[in-house]
Amino acid sequence: MLCTVLSRLIPRLTRPLVCYYGTAVPVPSAQPEVHYNKLFINNEWQDAVSGKTFPTINPSTGEVICQVAEADQADVDKAVKAAHNAFRLGSPWRLMDASERGRLLYRLADAIERDSAYLAELETLDNGKPYVIAFSADLPLVVKCLRYYAGWADKWEGKTIPVDGDYFTYTRHEPVGVCGQIIPWNFPLVMQAWKLGPALATGNTVVMKVAEQTPLTALYVASLIKEVGFPEGVVNILPGMGPTAGAAIAKHMDVDKVAFTGSTEVGHLIQQAAGSSNLKKVTLELGGKSPNIVLSDASLDNAVEQSHMGLFFNQGQCCCAASRLFVQADVYDEFVERSVERAKRRVVGDPFDFKTEQGPQVDQEQFNKILGYISSGKREGAKLMCGGGVAADRGYFIQPTVFGDVQDNMTIAREEIFGPVMQILKFKTLEEVITRANETKYGLAASVFTNDIDKANYVSSRLRAGTVWINCYNVFSAQAPFGGYKASGNGRELGEYGLEAYTEVKTVTIKVPQKNS
């Protein structure tokens, strides 16, 4: 194992660096070697029981990168058995000091940081996001998240409670058990860290189903989990399809909790499967149609740029994308003009090129879906201001697209597009925009741009959303919780709040001869 790690690491130590916005970024290889493409169960690499594989595709070219083992029910059963065994009383994991769990998470963060350039290359190859973004944004978020939860491992404490009578009462925070985790393709590494961090810090074991579009970085992280010393069965990583492997996790009788990030439609299925099986705990981070409100007193330079990034970042493939952009009437025309100019300057192309701001959509299905929404916008009367078409001869590239004169009842204003399509709507008064912003089944995020702190507080307190950004967008930190209202899900990830879903609270009461204050 050590020789393998060193052979992968040494070539990367000698790479030239390029300064990108003040950050030294290693020059990437556009063809990183794929080291792992099997199932990771009980710290071993295994073929699927069925022998099935599936292709993972390079979205920049539409070509197959490699074949990956495809997990289904039988493989989920094996992984759950391994996780269940690792969680048994008296196992190495259950006997481990909480501080030692934290040390393992710190070591995993260090290993990921060491291999950040390679992981960024692999993420770009498999997902299509620009390499400089993967290296300078995604990977630091991963490392910070794991280190944050490593610090919590021995600090998640119970309480002593002064109950009436001659009793001594205290609470214990205990791990839930075997946790099924199903992660999406838009931020593979980040979502893996968001799920693993709190689950492992609190002493649970994990069976994770990774997205079939983007399995490669999660499997490499699995190799690091073994390298740094996590016991057998504590973390199991399964590439596979949602209707088979994902469904098997959601309905499994020996899975004690399931966490899912993805579409609201699949979230309904996860909730139903949990309810019809063993009533396992469920946390869901689902879709959004987030309102972004620009008041007439806002700094337009900042509002235009932040709104641009709030929608187009990650090729528009963000659950919290600023996809309903409300602009006050007296600055609407100028804002639209500036937003169109900015969208036209957006560089779409090879995601390994340092100048590229926008890579391809993740796959053919997303590509077709987004083009369908663009056609819907034109058909329903929205004004196409720029873009609206395919951006390259091959791969899944779409032009940055801006629609003006959008009305609330249009499909593009109601449904989650998950692509580089901006919709700009006009409003007059605060009360009007608050009402319209809340008229959606979603409630994941929102934002307000204004130089008036009273207006900012007034609007933010009335928006039905789990996160509200003021004069900024897409600001994420491991310390701050994230999650949605309404059909955008339930529960919170990140921060101290993120520990709660992975914890059972046990109350212990002891009869004592006499209680003294």
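This is a predicted model: local features need pLDDT of at least 70, side-chain atom pairs count only at pLDDT 80 or more; totals for chains, interfaces and linings use all residues.
Local features require pLDDT of at least 70 and side-chain atom pairs pLDDT 80 or more, whereas totals for chains, interfaces and linings use all residues. Residues are numbered from 1 along each chain as its sequence is written, and side-chain values use heavy atoms, with hydrogens and water left out.

**View 1. Packing of helix α5 against helix α6.** Helices are DSSP runs (H or I, at least four residues) numbered from the N terminus. The axes of α5 (residues 116–127) and α6 (residues 131–152) lie 8 Å apart at an angle of about 125°; axes are lines fitted to C-alpha atoms over the stretch in contact, and angles run from 0 to 180 degrees between N-to-C directions. Contact (heavy atoms within 4.5 Å) involves residues including Leu 119 and Thr 124 of α5 and Tyr 131 and Phe 135 of α6.

View 2. In α7 (residues 188–201), 14 of the 14 residues are buried, meaning under 20% relative accessible area with a 1.4 Å probe and protein chains only. The helix is therefore largely enclosed by the rest of the structure. Just after α7, Gly 203 adopts a positive phi of about 95°.

View 3. With a disulfide defined as a pair of cysteine sulfur atoms within 2.5 Å, the count is zero. For Cys 318, the nearest cysteine sulfur is that of Cys 320, 5.5 Å away. Cys 318 is buried, at 4% relative accessibility.

Definitions and conventions. Buried means under 20% relative accessible area, exposed over 50%, partly exposed in between (1.4 Å probe, protein chains only). Helices (H or I, at least four residues) and strands (E, at least two) are DSSP runs, numbered from the N terminus.
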